[in-house]
Amino acid sequence: MDGCPACGARTLPALHRSPHQCRSVLSSGRVIARGLYRATCLACGYGYQVPQPTAEDTAAIYADGYTLGAEAGVEAGRARLVRDLLRDALGGRRPGRILEIGSGRGHLLAELGATYPDARVEGIEPATALAREARERGVIVCEGGLEARADRARAAGERFGAIVAVNVMEHMFDPVGSHALVAALLEPNGVFLSITPDGERAGIELLFADHVSSFTAASLSHVAGRAGLSLVSSVALDGDLSEFRASCMRLRTCTPNAACSADRPTTDAAAVARDRAAFLGRIGDAVALERPFFVFGAGEAADLLAGYAPDIVAAAEAFVVDAPTRSAVHGRPLVALETIPPRSRLLLCVHARSVDSVARRLSESGHLVAPPPWRA
Ligand SMILES: [Zn+2]
């Protein structure tokens with residue numbers, strides 16, 4: 001065994017049960033024919049897949065046409081929040097060059113361009129359609145990945161005062177190698193701000209097969225150190241960014257030793273492993289409600305239900321939302337809430353951050369609401 005990809009520990013990881021033996025779901029909503037098996041390092045809490053996806057698996061995931069999931073609309077709303085986090089991380093400095101890794105539809109680039117009008121702000125984005133859409137927004141985007149951008153920067157002697165990656169690093173197969181590429185792109189005083197799903201708490205991000213890394217604060221600290229960076233801070237976010245973690249890194253100025261790792265954040269890796277095992281087991285054990293019942297929601301969470309618990313979806317009368325924009329989803333009818341019978345049984349299928357408010361609203365209108373399997 002090669003040891004933990006984050007901290008290098010050679011202790012045996014905790015292995016988690018797959019939510020489905022031969023199916024898993026990508027964050028785009030697409031189902032692939034491969035079970036999702038995860039492990040947690042019991043030294044640092046880093047979560048990874050076993051076996052790691054092969055080059056063939058990766059090619060299948062990111063085949064042309066890869067796009068953002070059903071939650072893509074939230075990118076615009078989050079752009080200002082992330083801009084503010086970067087401004088805090090920079091502490092008043094105004095970088096001359098800013099790079100966004102995985103710039104998606106370009107909302108954050110546009111915000112950063114407006115906030116730092118004297119800076120050259122650019123993005124890299126491997127998905128052709130997203131890069132094109134971003135350029136139509138008037139921002140500078142190079143189509144391609146981090147490695148190619150780092151090669152070009154090295155050849156041209158370019159460095160960046162700020163680098164930001166929002167929901168990107170959890171997709172990278174080699175956490176240390178990909179952070180080392182970021183280190184190679186940073187100016188000596190540069191800042192790297194990485195927003196990732198919060199690996200300290202089990203959540204639906206564990207159900208996406210293209211999320212290959214679950215970062216805890218301790219694992220990020222190890223990854224940063226091995227990649228030539230120092231983890232300055234790593235905090236769990238709330239509000240519209242709840243379920244995410246903001247981590248700020250700088251170039252490491254000392255060699256890793258006991259003195260400079262003394263303030264390394266700690267993670268209760270055993271507790272994280274137990275939490276992930278319970279979470280991943282719940283969706284595998286999910287059972288359908290007594291019929292007839294409806295599934296409320298048609299976004300990312302509904303994609304997960306359809307992927308991992310197709311029997312439940314097949315047993316449902318229909319998917320229900322407030323205002324349907326199409327007539328069917330996942331092979332079942334999609335209907336408006338106002339058209340279903342009073343006191344219907346509803347299996348709630350929305351994001352964890354919305355479960356309580358949506359459940360309250362639906363209960364108040366007289367329906368019988370059951371939480372999603374991952375909140376049972
Ligand atoms: Zn580890």
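Okay, let's start with the aromatics: Tyr46, Tyr48 and Phe215 are joined into a cluster by ring pairs, where a pair means Phe, Tyr or Trp rings (for Trp, the six-membered one) with centres within 6.5 Å. Quick caveat: this is a predicted model, so local features need pLDDT of at least 70 and side-chain atom pairs pLDDT 80 or more, while totals for chains, interfaces and linings use all residues. Residues are numbered from 1 along each chain as its sequence is written, and side-chain values use heavy atoms, without hydrogens or water.

So, how many aromatic pairs does the structure hold? Two. Tyr46 and Tyr48 have ring centres 5.6 Å apart and planes at 15°, so that pair is stacked (planes under 30 degrees apart; over 60 is edge-to-face, the rest tilted). Tyr46 and Phe215 are tilted, because their planes sit at 45°, with centres 5.7 Å apart.

Buried or exposed? Tyr46 and Phe215 are both buried, meaning under 20% relative accessible area with a 1.4 Å probe, protein chains only (exposed is over 50%, partly exposed in between). Tyr48 is buried too, at 8%.

Now the metal. Cys4, Cys7, Cys41 and Cys44 coordinate the zinc ion through their SG atoms, at 2.3 to 2.4 Å. Their spacing in sequence is C-x2-C-x33-C-x2-C. Cys4 and Cys7 are both buried.

Methods. Donors are N, O and S atoms within 2.8 Å of the metal (3.2 Å for Na, K and Ca); water is not among the atoms, so sites may look incomplete.
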